Amino acid sequence: MITVRGLHKWFGDLHVLDGVDLQIAQRQALCVIGPSGSGKSTLLRCINLLVRPDAGDILLEGVRINSPEIRPEWVRQRIGMVFQQFNLFTHLTALKNVMLGLTQVKKMDRSAAETKAKWELDRVGLGDKVHAYPAQLSGGQQQRVAIARALAMDPKVMLFDEPTSALDPEFIREVLDVMARLAEEGMTMIVVSHEMGFAREVADELVFLDKGRILETGTPEEIFERPGHERTKAFVSKILR
Amino acid sequence: MPDRIAPRVRIVGALRTAPAAFGSAVRTHWQSFVGLVALLTVGGVGLGLFALAGILDLPFIVRRWDSLWGPTWLAVSLTTTAFLLGFATALPLGLARAYLPGRFRKTGRAKEFVPFRRARDLWGTPRAIRVTAARRTRSGLNAAAYGLATGYVEGVRGTPFYVQMFLVFYLILGVYRSFPGWFQGGMVFLFNTLGYPPVPEEFYFAGLLTLFLNTAGYQAEVLRGGFQSVGQGQIEAARSVGMRGRQIFRRITFPQALRLVILPLTNEWISLFKACAILSTWPILEILLQSQQLGVNEGHPLEAFIMLAAMYLLVDVTLGKTVTYVERKTRIPGLGTPGLRTGTAGRPGRRRAPTL
């Protein structure tokens, strides 16, 4: 589904991604962990072309999406992204937040977009909040709207960039539940998250990223219980306490 | 000891709870008028005393009040026309000020990358040269446009309105008669329709131009601030669903920025309205000049300027209250200036969601 080969990114002198190779098959859920500043977010943003990689290939179903000939909008429609800070459009209701991409990018007519948006909101359990503004929703509800907004575009892959890090503990569960159900339904997804329970239950594969390199790849059990690399060991012992 | 402390504690306690107790009463809103009424009473009594002492001729004010409406209309219509034209011009200026820096500075998007091995292959080929040249040209044009916009804004902000007015007037009076006939005819028609006193139309035109050039610069900065205060995160989110720059501006940045700049733009209108008084230096009969004439010709300077101040207050306060009202009625929770009653307890306006 997605193949990343030799991905490099510099921010000035800072080598954020140092030759990342990654593969994710259809219907697979991949979890990325690593200390802060290790390049996890940058990796996701490169895949969505919010950041242009400096070297390397990103293939989506065999198409090299970081070629200059390919319009980034074409790519982004097909790859959904959920942000740490939700980033809902403040001036629009939950419904309009979800509809905007449908009417503007997919050029659907209003009524079709509304039906679809309502259905997506229902799917994340917010069918009764369609007319609420983001400021009237809790963090967990906002994040679920953001997930619905990304899902409405019918993406082939979903990227989650620390979706629960900005949430109060009481709201983390509801967001993780939505994500777990998505994975169950067979959505291909890449999740940057330190929610170990989630990784264990949902992820097919876990990747440990450090200083822009992938140090270790394996199933969640392997990485959590028998980390092979010193740095992985140190990191895992910290987050598992 | 406790006996001594107790009363103080009680007082402090009462003070602490006072706002809370008051909070529910404030809802009725009438207290806010008390101050206003008190002020008006004091003002009225003061005026009355002056009138009794024979310093102030109150009947004069009543008698001559109507003579102010024409000049007020002139000032309001001139200001508003300049303001609207200024807004239309400030939009591109503000856009340039907000977004062009990212399109020519190295930190921006301009650094599109070709992978190293391809860069080596492409080096010096006609295509590479063409692409680089196009990129440089675009970057250069962007930089030039930004410089132009910035220079204009700084020029307007950095010089007094009075000076700008003289520059424009002397310039326009020098060249106006060589403007095409249809233009001059159009101006005559415009100012006649607006019912302005018959002064050669180039004076009105120059006045309008001064106000317009001035407000465009200020509004550009207001708009730039509005655009830039829309969160980067939202723009990224919009990009991540595949929206393009223009769509993002039209659907996200602009509607949010517009709400954020309503109050600063109201301020700008009021400033402009007051700056309009300076146009009376030329024979443009707006309210300041009218008051001066009332004062000098009819020998009531104090009364004339009291009338002038009252008229300014009437216009500005009416506008301010109207804008506040409209803003409150159309407020979206979580966006823009919070209401008088801040916090979630306040009334979010009619857009409140049915359930929370």
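Predicted model: local features only at pLDDT ≥ 70, side-chain atom pairs only at ≥ 80, totals over all residues.
Helices here are DSSP runs of H or I with at least four residues, strands are E runs of at least two, and both are numbered from the N terminus.

Helix H3 covers residues 94-104 of chain A and is largely enclosed by the rest of the structure, because 10 of its 11 residues are buried. Among the buried ones are Leu95(A), Val98(A), Met99(A), Leu100(A) and Leu102(A), and also Asn97(A), Thr103(A) and Gln104(A).

## Pro163(A) in its loop

Pro163(A) sits in the loop between strand S7 (157-161) and helix H6 (169-184) of chain A. Its relative accessibility is 0%, so Pro163(A) counts as buried.

Setting aside neighbours within four places in sequence, Pro163(A) touches Val82(A), Gln143(A), Met179(A) and Val192(A), where contact means heavy atoms within 4.5 Å. Ser193(A) is 30 residues from Pro163(A) in sequence, yet 7.2 Å away C-alpha to C-alpha.

## The second largest pocket

This one has a volume of about 750 Å³. On a 1 Å grid over the protein atoms alone, a pocket is an open set of points where a 1.4 Å probe fits, with protein on both sides within 12 Å along at least five of seven lines; lining residues have an atom within 4 Å of a point. Points are joined across faces, edges and corners, and the volume is the space filled by probe spheres set on them.

Of the 21 lining residues, Leu36(B), Leu39(B), Leu40(B), Val317(B) and Lys321(B) are the closest to the centre. Helix H2 (31-52) and helix H13 (301-329) of chain B are the elements giving two or more residues, and H13(B) has the largest share with 11. The lining splits into 13 nonpolar, 6 polar and 2 charged residues (nonpolar: Ala, Val, Leu, Ile, Met, Phe, Trp, Tyr, Cys and Pro; charged: Asp, Glu, Lys and Arg; polar: the others, Gly among them).

The model scores ipTM 0.92 and pTM 0.81. Chain B has a mean pLDDT (the predictor's confidence in each residue, from 0 to 100) of 82, with 80% of its residues at 70 or more. Residues 107-112 of chain B stay under 50, with 6 contacts beyond four places in sequence. Residues 339-356 of chain B are also below 50, with 25 contacts beyond near neighbours in sequence.

Residues are numbered from 1 along each chain as its sequence is written, and chains are lettered from A and ligands numbered from 1 in the order in which they are written. Local features need pLDDT of at least 70, side-chain atom pairs count only at pLDDT 80 or more, and totals for chains, interfaces and linings use all residues, while side-chain values use heavy atoms, leaving out hydrogens and water.

Conventions. Buried < 20%, exposed > 50% of the residue type's maximum accessible area, 1.4 Å probe, protein only.
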